[in-house]
Structures are given as C-alpha cells and as structure tokens.
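Thanks for coming, everyone. Let's look at the model on the screen.

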Amino acid sequence: MKFYFPDSQDLVSPAYDFLRDEYPAHRVRQRDDRYAHEVLAEAPYHGILVSKSIVDGSIKGAGKYSGAQRARLYRMGVHRFFRLPRGVETLGDNGAFNYIDEPVPPVTVAETLDFYEECDFDAGVSTDHVIFGYEPEATAKTADPEWVERRKLTLRLAEDFISLTNDRRTRVQPVGAAQGWSPTSYADSVNALQEMGYERIALGGMVPLKTDQILACLTQISTILAPGTELHLLGITRIDAMDRFSALGVTSFDSTSAFRQAFMDDRKNYHTNERAYVAIRVPQVDGNPTLKRAILAGSVSQKDALTAEREALKALRAFDGTPAGRQDCLDALGAYEVVCQSKKSYLDAYAETLEAEPWRHCPCSICREHGVEVAIFRGTERNKRRGFHNLSVLRHQMGQLVHSRAAVTNFADANT
Amino acid sequence: MADCYEIRLPALKIRQGEQAIFAFGVDGKRIHEFTTVSRVHRDDTELQGYQRPEVLSHIRAIRRYLESDGAMLPNAVVLAFDERVSFEASTDRSALDYVTAGELVIPVDESLPDDQKPAWLVDGQQRSAAIRDADLAEFAVAAVGFIAHGEAEQRSQFILVNNTKPLPKGLIHELLPDTEGHLPTAYAKKQLPARVLSALNFGSRADGQPFATRIATPTMANGYIKDNSVLKMIENSLYDGALYQYRDPIDGTGDVDQMLLHLNYFWTVVAVTFPEAWNLPPTKSRLTHGAGIQAMGYVMDQLTDGVPAVELPGLNLEKRVASLRSHCAWTSGNWDFGAEQIRRWNGVQNTPNDVRLLTSHLLRALR
C-alpha cells in the first residue's frame with residue numbers, strides 16, 4: 001500500500017527563530033524552505049500528488065504558486081522542483097474539487113496532458129468531474145440526471161485521455177478516473193476503464209463516504225477487477241480499514257488529513273501510534289483576530305495579553321515533566337485563556353497532553369529538534385511541523401499493516 | 001509597595017505664540033513609568049483615550065534595529081502632560097527670549113492606575129514599546145512635551161502628529177542601493193534587487209547596455225520602462241530563476257556584477273531582436289510594458305537558468321529569441337493565445353493573470 005501526499009505548498013523554514021517568532025530577513029519562499037521529505041530522516045510518503053488547479057489556478061482563484069514558482073516547476077520538472085529523493089513517485093491530477101460547481105470541467109484533455117508532460121510526472125489522472133453524492137440503490141434511470149451525465153463525461157474524457165497518451169507516446173503513465181454514486185456505477189466505470197486499456201484506476205468522489213460504503217463499492221469492483229489493475233483512492237486515509245481496502249485491490253491512496261488535523265482539528269492535533277492529543281493553544285497576540293478586535297475595542301489590555309502570552313510560552317519551555325511544572329503550565333495557560341476570552345477551555349485536555357509529553361518520546365527528527373514547540377498550536381511554522389510529525393506517525397502505522405509490509409520494505413530500500 | 005517620587009529632567013522651554021513646548025531627553029526604559037498609552041475604548045457611550053494598539057511586527061522591527069550596532073532614533077517622541085507637570089526655569093534670562101533652560105518636574109505615583117498617569121504618549125508608541133522590550137540597559141531618546149488642557153486638546157495633537165504621508169515606494173527603492181546599516185525586513189529584502197536595477201539604469205547606452213537610462217524612477221523621469229516592472233522581473237529571477245545562482249542563501253547578498261553581465265547579455269539580445277518594440281514606451285509597445293518585461297524575464301530564466309554569465313554566448317540565444325518573433329505582437333496585430341483566445345496587441349494588461357497568459361504563450365513557443 002502506497003501513500004501519496006497532496007501538495008499544497010506546505011513547507012517549513014529551517015531558519016525560523018522560535019524564540020522571537022521571526023523569519024530570517026532574506027528568506028526566499030519554497031527555495032530556502034523544506035518539505036516534509038527534507039526535514040524528516042525518511043520521506044513520510046511514497047509519492048506526492050500535485051493538482052493542476054493548485055499550480056495553474058482554476059475557477060476558484062489563482063492557485064497557490066506564484067508566477068515565478070510556476071515557471072520554475074514547468075522548467076525543472078516536478079522531481080527537481082520538489083527536491084524528491086529517489087524512489088518518491090509523482091502523480092498529477094486536475095484537482096476536480098476546484099471546479100465541482102461548474103457544468104463541465106474548465107480544462108481540456110490536452111491541457112491536462114500538457115501539464116503532466118511539461119512537469120514530467122510519473123503518472124497522471126485523466127480529466128474528471130466529481131459526483132458529490134451516494135445512493136447505493138439508484139440506477140442509471142433513477143439517479144440524479146446530472147450524476148449520470150458526469151459519469152458519462154468522465155468516461156468519455158478518460159477515453160480521449162488514453163488515446164492522446166498513445167498518440168503522443170508519452171512517458172506519463174495514464175491513470176483512469178472512475179466516478180460513481182453506488183457500488184454498481186463505480187464497478188461499471190472501472191470495467192469501462194479497463195476495457196479502454198487502463199491498468200491503473202483512481203476512484204474519485206469518495207471523500208464524504210463512510211468506510212462501509214467505500215468497502216461496498218470496492219467489493220462490487222473486485223468482482224470485475226482484472227488481475228494486475230491497480231486502484232488508487234483519491235483523498236482517503238481510514239488507516240483502520242487499510243488492510244481491508246488492500247485485500248480488495250487498492251494499492252495506493254492520498255490524503256492530507258493526518259497533516260491537516262495538526263491545525264484544523266479541534267482535538268486530534270498531535271498524533272502518536274496509540275492516540276491523538278490536543279495541541280496546546282498559545283495564539284499570537286497580533287495573530288488572533290478575536291483578541292485583536294478585543295484590544296482595539298479596549299476591552300482587553302494589550303499589555304496584559306502580551307504578558308500572559310509570554311508567561312504561557314515560558315512555562316511550557318521550562319516544563320520538566322514534574323507535576324509542579326505541569327501545574328505551572330496549566331496556570332499560565334488558564335490565565336491566557338481568560339485574557340483571550342476563549343469560549344471553551346482546553347485545560348483538561350492540556351493536562352493529558354502535558355502528562356503524556358509525547359514529544360519527549362517521539363523519535364522523529366522534528367520532535368527531537370524542537371521538543372515542546374511542536375506541541376504548541378501557534379503560527380504556521382509550529383503547526384506545519386506538527387503536521388509533518390503526524391505524517392511520520394502515519395508512515396509508521398502503515399508499516400504495521402499486514403498487506404503493506406512488502407511495499408514498505410521496498411520503499412525503505414529505495415530511500416537509502 | 002507603591003512609591004511616590006519625582007522625576008526631574010533637564011529641559012528647554014520653547015515659546016510658540018501663546019503656547020510653550022518642552023524639549024528634553026529621557027531614558028526610553030523609563031517612559032512608561034509616567035506615561036500612559038491610552039487606547040480607544042468606550043466608557044458607556046463616551047469615547048475615551050485615542051490610541052491604536054501596538055503593531056507588534058513593527059515593534060519587533062524597531063527592536064531589532066535598536067539592538068544592532070550604531071542604532072539611532074533621531075526623531076522625538078511626543079508627550080502630552082497634564083497640569084500636574086511643571087517647569088522650573090533655572091535662569092531668569094536667556095540669550096534668546098523664546099528659549100528658557102530649566103527642569104521639568106514630573107510627579108510619579110505608582111499606585112495610580114495606568115490611565116491616570118501624568119503624561120500621555122501622542123507619538124512614539126511603537127518606538128517606546130520597542131525600547132521597553134529591547135535587550136538594552138538604557139536608551140535615551142529625544143522628547144517633546146507640552147502641557148495640554150484637557151483630553152480634547154491631546155486628541156487633536158494626536159491627529160495632527162499622525163496625519164503624515166509615508167514616503168513614496170519608488171523613492172525608497174531608489175534610496176536603498178546606497179543605504180547602509182540595519183533595515184526593516186521588507187526593505188532589506190528589496191535592497192539587492194534595487195541595487196541591480198540601479199546598476200542597470202546607470203550603465204551606458206553607448207556600451208550597448210539595453211536598460212541604461214530607460215528605467216523611469218523618481219530621479220530618472222525621462223525613462224519609459226516602469227521601475228516596478230523591472231524590479232519584479234529581477235526579483236522573480238533572483239528567487240526562482242537564472243539570477244538565483246549569484247545569490248548567497250545564507251546572508252541574502254549577491255554578486256551584482258555577474259547579475260549585470262547576465263541581464264545585459266540577455267536583454268541586449270531582446271533589444272536587438274525587437275528593436276522597434278524596445279524603443280517605444282509601454283503605451284505603444286507591450287514589450288516595455290510590465291507584462292512584456294516580466295514575461296521576457298521568464299523567457300530568460302527558461303533559456304539561461306543555471307548557466308553562468310560567461311557561458312551565455314555559447315547558448316545561441318539570438319536564434320532562440322528570434323524564434324519568438326512570429327508569436328509576438330508587441331506593437332501591432334493580435335496575440336494568439338490558443339483555445340479561441342485572441343487578443344489585440346495592447347489587450348494584454350499588467351495583471352497576474354495576463355502576465356501568466358503571455359508567459360505561457362512565449363514559453364510554449366520556445367519548445
């Protein structure tokens with residue numbers, strides 16, 4: 001089982017000054033910054049997924065790349081731009097979520113393949129249109145006509161895509177996109193793609209599905225799956241179900257959830273093999289909109305806020321693992337919560353995090369270098385590092401899967 | 001343990017019509033002992049105080065500067081005193097009848113809450129906060145104070161003092177190349193590109209330097225290529241393109257001579273390939289327009305990234321750039337961006353989208 005990490009220009013600055021919360025004056029984004037595969041001793045993923053809409057922009061805005069970065073990606077190709085170690089694979093797609101509200105995709109098959117070829121991807125997903133709905137009993141006659149149309153369109157584009165890759169004798173491995181709204185419709189899509197000649201198929205639109213719904217689809221697909229056809233799950237992690245996915249023919253998946261939980265989830269911010277902990281929130285006085293408004297309105301003294309923020313950081317950095325040290329941290333954090341006028345208190349959860357001190361036991365290079373800073377929910381540099389740490393945990397968890405042992409062993413070899 | 005004491009500061013009283021102001025020096029670390037930084041808040045419905053919150057990033061920048069060698073804050077902070085503060089003249093007369101030497105006497109009562117301190121900071125909030133936070137034992141600043149009669153008068157002074165315009169960006173960029181010492185981050189970053197731009201502009205046209213005297217800056221009003229366009233092209237290349245090879249990522253400095261060689265070589269090829277378009281102002285030519293300069297900058301990066309300046313003659317750039325001719329409509333005709341995107345020659349604007357469109361078009365034509 002291989003894990004792909006979707007790129008969203010997530011990097012950290014190796015020279016960031018944690019004590020002053022400052023970047024070096026001359027830092028150049030991306031170039032001087034580091035990806036997860038550069039700051040962790042081992043790349044935490046087998047591949048990266050890069051969406052055209054993130055690079056080139058699409059319906060919803062201009063993408064995440066500056067003009068100069070985009071030009072350099074096209075010039076250098078995806079491997080050199082990302083400074084990927086040998087053995088880390090690259091997969092391109094269109095980022096169909098970006099145009100989900102459009103009647104038809106705003107890109108052509110040729111533009112899609114241009115992107116893959118010019119950036120020199122190993123593999124690329126055919127142009128597709130996401131069906132955002134699940135009705136297991138609906139047939140082509142009873143389903144929402146728009147879903148039926150989108151599935152047809154996706155298959156037609158996949159046919160154009162594979163014939164274009166043949167015409168151009170491209171080096172990019174074509175990956176067919178399968179859309180559906182039910183086990184039967186997904187299986188029909190996969191069947192059609194196999195007949196077109198695809199040996200690798202990406203299943204799209206499954207992000208909102210429950211695990212048993214995904215399993216139902218995979219079970220149905222497995223009845224027509226040709227030996228050797230590889231399945232990729234777009235946007236799905238579900239580590240608990242991975243072994244079952246794998247048994248049904250899934251060979252790879254991609255997801256940002258372990259990474260994003262570091263700073264998006266209410267509770268599961270810092271992952272360990274056993275469980276997830278809450279990261280300790282110490283927002284920056286000048287970075288927290290609520291606090292800024294309260295200061296501007298005169299209801300919070302900026303001096304008090306700054307003092308409370310500093311005391312919280314000081315206590316955390318001085319934390320020695322003793323109950324007294326823990327109480328000092330909780331007192332300082334509680335005082336800061338009051339100043340911040342927080343709607344709810346995380347103190348009980350912080351007590352658990354502090355008691356466990358997971359960063360002290362974590363072997364990943366980020367926790368070793370930065371210690372408690374990784375557990376602090378504050379600013380992009382700490383939050384992304386915690387996300388990278390979570391990826392390293394995911395990588396370890398994947399190593400524990402029955403079906404992926406072989407793949408992971410190969411992967412480790414390729415990295416050395 | 002609250003204390004009451006007096007701070008006595010040597011001061012000059014300067015008469016201004018009916019009013020008087022006091023010029024004095026004071027240790028910035030002590031300003032907050034007797035000064036309140038009143039912030040805007042509402043007491044029921046009445047507006048109290050008048051000051052905005054500290055801008056922490058700005059304070060950090062000043063603080064870094066203060067901790068650097070040879071730091072100086074020449075402009076005075078402005079304080080509005082209330083009537084508890086007095087001035088004691090030390091001499092009856094002075095050579096100038098509008099200046100009197102003496103001492104300001106400021107009573108300090110540590111038990112008073114912040115908003116009842118005898119002085120209010122009208123200007124210099126960020127500076128005094130930076131001094132307060134800085135890793136220094138003391139840092140004396142020049143101060144100007146006046147005794148205000150009521151909060152309304154203080155407030156009007158606050159508006160007057162803060163009603164200033166920042167320097168125009170173009171002028172700052174022009175001053176940067178010959179600036180030494182610590183600069184705020186945003187300007188420190190611009191210094192190297194600005195230095196390269198100025199060297200391009202002050203070269204000699206007789207030596208065939210394509211940008212010489214062509215870039216419009218505040219002191220080079222006859223130029224017709226906007227300084228900002230060239231600055232963007234240089235920055236793009238410096239961070240993501242061909243000029244990156246001359247930059248030292250550790251300290252952000254760069255080899256300006258090699259960059260000049262590189263830029264002059266490539267842009268000479270451009271000027272020779274498109275002589276008419278190169279000599280016309282942006283209203284008549286898209287080549288000298290922001291979009292053209294930036295897009296051709298990407299062409300430079302495409303063709304010369306990683307190649308040192310001395311090896312550029314071996315690349316046959318003349319031929320590569322000439323191959324673009326049939327795809328360009330710098331001064332007339334239409335751009336054919338494909339997929340039914342036809343634009344008149346001047347239908348390309350200096351927006352990120354149009355620059356991107358033009359760049360893709362040119363880079364595709366190269367392949």
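Start with a cysteine. A:Cys340 counts as buried, at 11% relative accessibility. Buried here means under 20% relative accessible area, with exposed over 50% and partly exposed in between, using a 1.4 Å probe and protein chains only. A:Cys217 is buried too, at 0%.

A word on the ground rules. This is a predicted model, where local features need pLDDT of at least 70, side-chain atom pairs count only at pLDDT 80 or more, and totals for chains, interfaces and linings use all residues. Residues are numbered from 1 along each chain as its sequence is written, chains are lettered from A in the order in which they are written, and side-chain values use heavy atoms, without hydrogens and water.

For A:Cys340, the nearest cysteine sulfur belongs to A:Cys329, 16 Å away.

Now the interface. Contact means heavy atoms within 4.5 Å. Chain A brings 32 residues and chain B brings 33 residues. The two chains bury about 2900 Å² between them, and carbon and sulfur atoms give 44% of that. That area is the accessible area (1.4 Å probe) lost when the two parts are put together, summed over both. On the chain A side, A:His26, A:Arg75 and A:Gln302 lose the most, together 22% of what that side buries.

Next, charges. The interface has eight salt bridges. Each is a side-chain nitrogen of Lys or Arg within 4 Å of a carboxyl oxygen of Asp or Glu. One joins A:Arg75 to B:Asp305, at 3.0 Å, N to O.

How values were computed:
Disulfide = S-S within 2.5 Å.
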